[in-house]
Amino acid sequence: MAAAVHATQTALAPANQPKGTLKLENTDKRDTLIAAEKKYQRAWAEQRLFEQDAPTLEEVPFHAIEPQALREKHPKYMATMAYPYMNGTLHAGHSFTASKLEFAVGWARMKGMRALYPQGYHCTGMPIKACADKLVREIELFGREFERCEVAQVDGGPESAKADGEVPAPVQETAGDVTKFAAKKSKVNAKTNVALKYQFQIMLALGVDVKDIHRFADPHHWLEFFPPLCREDLTNLGCRVDWRRSVVTTDANPYYDAFVRWQMNRLKQMGKIRFGKRYTVYSPKDGQACMDHDRSAGEGVGVQEYTALKLRVKEWSDTARPKLAGLIPEGGNVYFVPATLRPETMYGQTCCFVGPNITYGIYEAVAGKEYYFISDRAARNMAYQGHMPAWGVYPKIAELLGADVVGTLVHAPLSAQKGGVRILPMESVKASKGTGVVTSVPSDSPDDYATMLDLVKKAEYYKIKKEWAEVEILPIIETPSYGNLTAKFLVESMKINSPKDAKQLAEAKDLAYKEGFYKGKMIYGDFKGKTVEEAKPLVRQQLIDAGDAFAYAEPDGMVLSRSGDECVAGHLDQWFMNYGTPAKSGDGAWQPAVLEHVTNEKGEGLNLFSSEVKNAFVQVLEWLAQWACARSYGLGTKLPWDQSQLVESLSDSTVYMAYYTVAHLLHKDIFGKERGAADVGAEEMTDEVWDYLFCRTETVPEGTSIPPATLQRMRREFEYWYPLDINISGKDLIQNHLTFFLYIHVALFPKEYWPKAIRVNGHLLLNGDKMSKSTGNFLTLRDATGKFGADATRIAMADAGDGIEDANFEETVANSNILRLFELRAWCESVTHDARLLDEGKGERYDTVRISERHKNNDAIQRCGPKGYWDDVFENELNGLVQVAGAEYEATNYKAALKSGLYDFIGARDFYREMSKASGVGMHAECVRRYIELQALMVAVVAPHWSEHVWQEVLGHQSSVQEARWPVVGGERRGLTAAREYVRATQGSITSAEGGQMKKMAKGKATLYDPTRGKRLRIFAARRYPAWQEGVIAIVREHFVGGKVDVAKVSKVIEKKEAKRAMPFVQHLKKQLESGVVEAEEVFERKLLFDEVAVLREMVPGLRQTVVRCEVVELIVVAEGGKSGEVVGGSEGVVVGEVREGLPGAAENAVPGQPGFFFENV
């Protein structure tokens, strides 16, 4: 084996057993669950449960009813996610998104809808081709199995990242993927000292055998290798995918290729695609525009346009003059070129700043005539914008430090300083922003004003003449808030003392710009009297027309292409989608239509589930402008009218959801090699045919060879499944894919078929931290299902969170649910298969059978016949939880649905079991079976394999739980609900008080009684509230706002002498009012929804069992004042009707719904 290959595999070995993730010791229970999961996955596939079709033409003749009526008659639900890119296995982000799609489809099925989850494979664009080309070069360099690559060539030392000059093309889009540390020095195990510098190492990290890596030099091999793995991973998770509708993008599938050509042709005909020069992020190395999916860094970064001002040198500084001697030809002019976003302020220039420690160049722009003093980065950008002698050429004739040119005198166009302004130092200037040259307008720029004050104050320190900086400031813009010297006002009012007060200056800059642009008025110059918003473009054009400025642009941040090239802003002839607001030259009606759909003011548009997501879309629609839609390199569909260009990967991935509707009829395999049920050839899929299928035309295309019945069958699928009910994706795709998805749907389809909803999720953390292979805190979907099984993984995904904020996959949650699911399954099996039904006709009782017979699980001993109080309480709680869980599933709040449908459901069973056992009656057989059935249904959305086992193997249903419906239950009886909460609270208070006495005794402290000896428990109930509470209720009512009691305000109103007895009552009221169980008016009107004494009587047997050495329980209804009362119930031997005098203080504190209690030894 080659030395470098061996070293890489050794370095990767720790990542195969991640140190940062949970280690499972005993896996027997997990393995049992996984075995069942595999069994049901095979069964579902064999039964083709997830293959969903529109109603056939035989069931409902074509257009016998309107499409909308068809969808109402046969409810449907179609859900998709952004299809994953096939240059690796599914990562955490895809898995989390897929889980949301899974749950949505599962819920739709339970509502009785035909629910469709199709899954495609994205392969277009640069990533795969870039990776393949890397491997071609590496095989040429190192051999077929990289045997000539030595360890030294993959060394991970400090200089290793610079040694090779190129980085591997990343192959996955996750923050934690190995490719992310491939572009830097090694983050792999430090002992091996290996950096992932080459593509073959990345392939090793993906688990590809070294003998097979050479196959990936052919980009089409990626298309054959990774899609089956994607299908396998989603199947292992139990996803309800209709695999018939899958497709590989690019021209590898001729049907999809025809679909993309149709899309592009129609958009061009509609004027949505245009041609012309525009700025775009461009990779000189790749020779083409570098769009979001082509980048290894800088996704979402756009182009920032500036006005580049030409400040002609009048007199060089003493330091620069000798260094430039003979380098500038006679008659040639050198210009300092600052880039500004505020050309309207140029009247106020007082100097020009450079970074004293930045190395600048003087570049020849026009041979022998014009030379620009700028940063290297700016020169490289200008070389691709037509500002240099030739495309990509930027000849440097001299190099100077910024400090060398301090003191140089330049002519500043439009400046009131007609004699010129000086070049001065500014330490905060960055070579990575703009041109590295900054013109100074201290009237309106807080940074410039603060620097000017500093230069005047420390002229000697900065080695300048004080008068160079101490120039009169000219007011040029009047603002309502800050006057006509905005910068001076803000610096002084915000107490900014130095140019180093970066945070305050950034805030001041933002305030100054907004105030000036939106509210400012020009008070100087040719456009005096106009608003700044009006004057800005006029001043800019005036400068350009005079030859004193030119347009300049650059990426608004670092962008690296997948070939490792730092990108520039190129001014290119290109085909582009005319996105953007009309004000930004976008299509006049397009953006407003999309915006109206997003804002959904009439309630007929897009559901985005949260205002935060809606605001994010609105912001993108405001700033997003034209988008290059073609490239010359990569994989994809050729532009129909220019075969030298390929459709850009984000532009061919916008309406593939419509393709899913007919994919299964067009082809049987993902490559379209075998015709589908429609028996149509790809060559027959003309633009006119697609128009007909997607309801753009109403008549069968002339000249088509496809039979009308076949066309109607395909159109039926589209008319039925569209509009798309939901598209699910990560929040990072709002800025491109999801917004493009809306744009193209609005352009191509009738309004009836525009998308109905987008659900956006956050990124996924693992165990509270970002995923990282270097730390071992990393899981792929394959890792997760192999480690925890499908259902436990799905539960952890649901539990991770549902909002746009980042979610957290906790391995401890997944692991704990292995045990929970296993034990719950075993319990369901035991109480069903081993059920011992009591024969009450023979006088059999739970307690006697429990003692006289040996049962492995006493829960199997169950009553039949009439139901009792605890049965009613249990069934009522289940009804309430079913309703809550259903509402949460409907709202896509899966974490909350899981709480109600699993955790609280189990809690309800446990409470019922405890109360019925303690009462000596045991559980009712009907209640037990109903619980098991409802429990299977409650989690069928999230944990379908577990539910299937219980549904079929325990309950004996012949059909699949995948075909089951969400249960219809009776309404929750509020009286029983309130009584249940009363029981839990009362029981908790009593056991807590007893526990407190036990702790005191253990610490040797005095106790009110001996908790280890036999005891009597007296419970005091009140029929009426004491009179003093009326005033307290009035105060609480006054301070109950928005469903909350303001206890702090209440406590201030209550008299101090009443506080001791009043505040506990206030807390009791607060708990009732904020519980949501009882209506506020019922609390204030002091009405209980249940008979308190009757409930206490039901509790007596249970209290005898749960309270340690409790020999007697007495229930006493206290009289007014709490000093005496009547016995109304209790344990065996208690005499009802007896009067008790001299009751303890606990009796006095009893109020309806809040009993008092007292222990005493007997």
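Reply:

**Buried salt bridges and other local features**

Arg266 and Asp687 are both buried. This is a predicted model, and in it the side chains of Arg266 and Asp687 meet in a salt bridge, with N and O 3.9 Å apart. The pair links distant parts of the chain, since Arg266 sits in helix α10 (residues 254-269) and Asp687 in helix α21 (residues 687-693), 421 residues apart. The cut-off for a salt bridge is a side-chain nitrogen of Lys or Arg within 4 Å of a carboxyl oxygen of Asp or Glu, and the 3.9 Å of Arg266 and Asp687 falls within it.

By this rule the count comes to 84 salt bridges. Another of them joins Glu102 and Arg794, whose closest N and O atoms are 2.7 Å apart.

Buried means under 20% relative accessible area. Arg863 counts as buried because its relative accessibility is 10%, and Asp871 is buried because its relative accessible area is 0%. Salt bridges with shared partners join Arg48, Glu51, Asp53, Asp242, Arg244, Arg245 and Glu717 into one network.

The charged residues of one surface patch are a separate matter. Lys999, Lys1000, Lys1003 and Lys1005 gather there in a patch of positive charge. One of them, Lys1000, lies in helix α32 (residues 974-1002). With a relative accessibility of 38%, Lys1000 counts as partly exposed.

Next comes a buried position in a helix. Ile128 is part of helix α5 (residues 127-142) and is buried, its relative accessible area being 0%. Leaving aside residues up to four places away in sequence, Ile128 touches Tyr85, Met86, Asn87, Cys123, Pro219, Trp222, Leu223 and Leu635. For Asn87, the separation from Ile128 is 41 residues in sequence and 6.1 Å in space, C-alpha to C-alpha.

Tyr722 and Pro723 are joined by a cis peptide bond, with omega at about 5 degrees. Pro723 is placed in the loop between α22 (708-721) and β26 (726-730).

Lys495 is not a glycine, yet its phi is positive, at about 55 degrees. This lysine lies in the loop between α15 (486-493) and α16 (502-519). Lys495 is exposed, with 62% relative accessible area. Asn767, also not a glycine, has a positive phi of about 55 degrees. The loop that holds Asn767 runs between β28 (764-766) and α24 (781-788). At 23% relative accessibility, Asn767 counts as partly exposed.

Technical notes
Residues are numbered from 1 along each chain as its sequence is written. This is a predicted model: local features need pLDDT of at least 70, side-chain atom pairs count only at pLDDT 80 or more; totals for chains, interfaces and linings use all residues. Side-chain values use heavy atoms; hydrogens and water are left out. Helices (H or I, at least four residues) and strands (E, at least two) are DSSP runs, numbered from the N terminus. Buried means under 20% relative accessible area, exposed over 50%, partly exposed in between (1.4 Å probe, protein chains only). Contact means heavy atoms within 4.5 Å. Patches are made of residues with over 30% relative accessible area and no salt bridge: like charges are joined within 9 Å, nonpolar side chains (Val, Leu, Ile, Met, Phe, Trp, Tyr) within 5 Å. Accessible areas come from the Shrake-Rupley method with a 1.4 Å probe; for residues, only the protein chains shown count as cover. Lys and Arg count as positive and Asp and Glu as negative; His and the chain ends are not counted. The place of a charge is taken as NZ of Lys, CZ of Arg, CG of Asp or CD of Glu.
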